[in-house]
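Hi everyone, thanks for making time for this. I have one structure to walk you through, so let me put it on the screen.

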Amino acid sequence: MSTVAGVGMSHHRNPVQAAREAVEKARQQSGIEGKPDFVFMFSSVGYKQQPLLKAVRKETEEAPLSGCSGEGIISNGVADEGNFSLAVMMIKSDELRFVHGLESGLTGGSDKVGRQIGSEVKQHVADDNLGLFVLADGLSLNFDQFTENLEATAEPGQNLPLLGGTAADNWAMKKTFQFCDDEITNDGVSWALMSGNANLAVAVNHGCTPVGSERKVTRSEGNVIYEIDNKPVLEVLKEYLMEDEVDNWQKTV
């Protein structure tokens, strides 16, 4: 029994050439010939996404696929935040199995989408579930509402690790993309449940470092903060900004 995987990356601006290059590099790294068992695809938004997805699907022989657009692509010691980056991971395994899907409608309620995916995942809950990859629209996701309803529906009382992240669009803040096989949506979640014989380890993450004293949110609605320590949130943020950053909000962002 074995599992092999490879990652390939391309910066070619032609989507067909980018797909061909990234997949070929993934094949060379993994030794996979023919159709892989599963594919993860991540791209930046300089490409037209439909031709890019179509090309990756062709190069991977229509293998099951999950993925999304990103603010940048990280792979094999490379972190690229340009508009033209594509990363493809190919997996071949007789130890792992994947069930995947796509749900849209986050703008209509993250709780509803969480329940929809939870109902799908519930049909495949097993003792050897390893983790659930969640790739969601970063512009419309309410993470707390989504995860609360997902977990309550899919596996009450169990601990199914969530992996993945949110889809982005290079800070345009207009439209992100989520992929599942040949489908693309803009306000949804591409998900993949991984099960089988393996040890799960999270090797890459990122977060935040405290830059001041502890603060308290004193007024909020949903995931929008209005006041911190009883002051308007923008007044509080100014305490951490340089003078030219206060007058240039685009630079601050």
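Let's begin with a question: how are α3 and α4 oriented to each other, roughly parallel or roughly perpendicular? Keep in mind as you look that this is a predicted model. Helix α3 covers residues 110-122 and helix α4 covers residues 143-154, and the two pack at an angle of about 30° with their axes 7 Å apart. Angles under 35 degrees count as roughly parallel, and α3 and α4 are therefore roughly parallel to each other. Their crossing is right-handed.

Who is doing the touching? On the α3 side, the contact includes S110, D111, V113, G114, R115 and I117, and among the residues they meet in α4 are Q145, F146, N149 and L150. By class, this contact of α3 with α4 has six nonpolar, seven polar and three charged residues.

While we are on α3, have a look at S119, which sits in this helix and takes part in the contact with α4. At 37% relative accessibility, S119 counts as partly exposed.

Helix α1, residues 15-30, and helix α2, residues 49-59, cross at roughly 35°, and their axes come within 8 Å. This crossing of α1 and α2 is right-handed. From α1, the contact uses P15, V16, A18, A19, R20, V23 and R27, while α2 brings P51, L52, A55, V56 and E59. Sorted by class, the contact of α1 with α2 has nine nonpolar residues, no polar ones and three charged.

Staying with α2, its buried residues are Q49, L52, L53, A55, V56 and R57. What do these buried residues pack against? Their partners are α1 and a set of strands: β2, β3, β6, β10 and β11.

Next, the rings. Searching the whole structure gives five aromatic pairs. F38 and F40 have ring centres 5.1 Å apart and planes at 65°, so this pair is edge-to-face. F38 counts as buried at 1% relative accessibility, and F40 counts as buried at 5%. F40 also pairs with F98, again edge-to-face, at 6.3 Å centre to centre and 80° between the planes. That pair links distant parts of the chain, with F40 in strand β2 (residues 38-43) and F98 in strand β7 (residues 96-103), 58 residues apart. F98 is buried as well, like F40. Put together, F38, F40, F98 and F133 form one aromatic cluster.

Most residues other than glycine have a negative phi. You will find E61 in the loop between α2 and β3, and at 42% relative accessibility it counts as partly exposed. With 28% relative accessibility, D229 counts as partly exposed.

Notes: Residues numbered from 1 in each chain as written. Predicted model: local features only at pLDDT ≥ 70, side-chain atom pairs only at ≥ 80, totals over all residues. Heavy atoms only, no water. Axes fitted to C-alpha atoms, helices over the stretch in contact; angles between N-to-C directions. Helix = DSSP H or I, 4+ residues; strand = E, 2+ residues; numbered from the N terminus. Parallel < 35°, antiparallel > 145°, perpendicular 65-115°, else oblique. Left-handed = near helix turned anticlockwise from the far one by under 90°. Contact = heavy atoms within 4.5 Å. Nonpolar A, V, L, I, M, F, W, Y, C, P; charged D, E, K, R; others polar. Phe/Tyr/Trp six-rings, centres within 6.5 Å; stacked < 30°, edge-to-face > 60°. Buried < 20%, exposed > 50% of the residue type's maximum accessible area, 1.4 Å probe, protein only.
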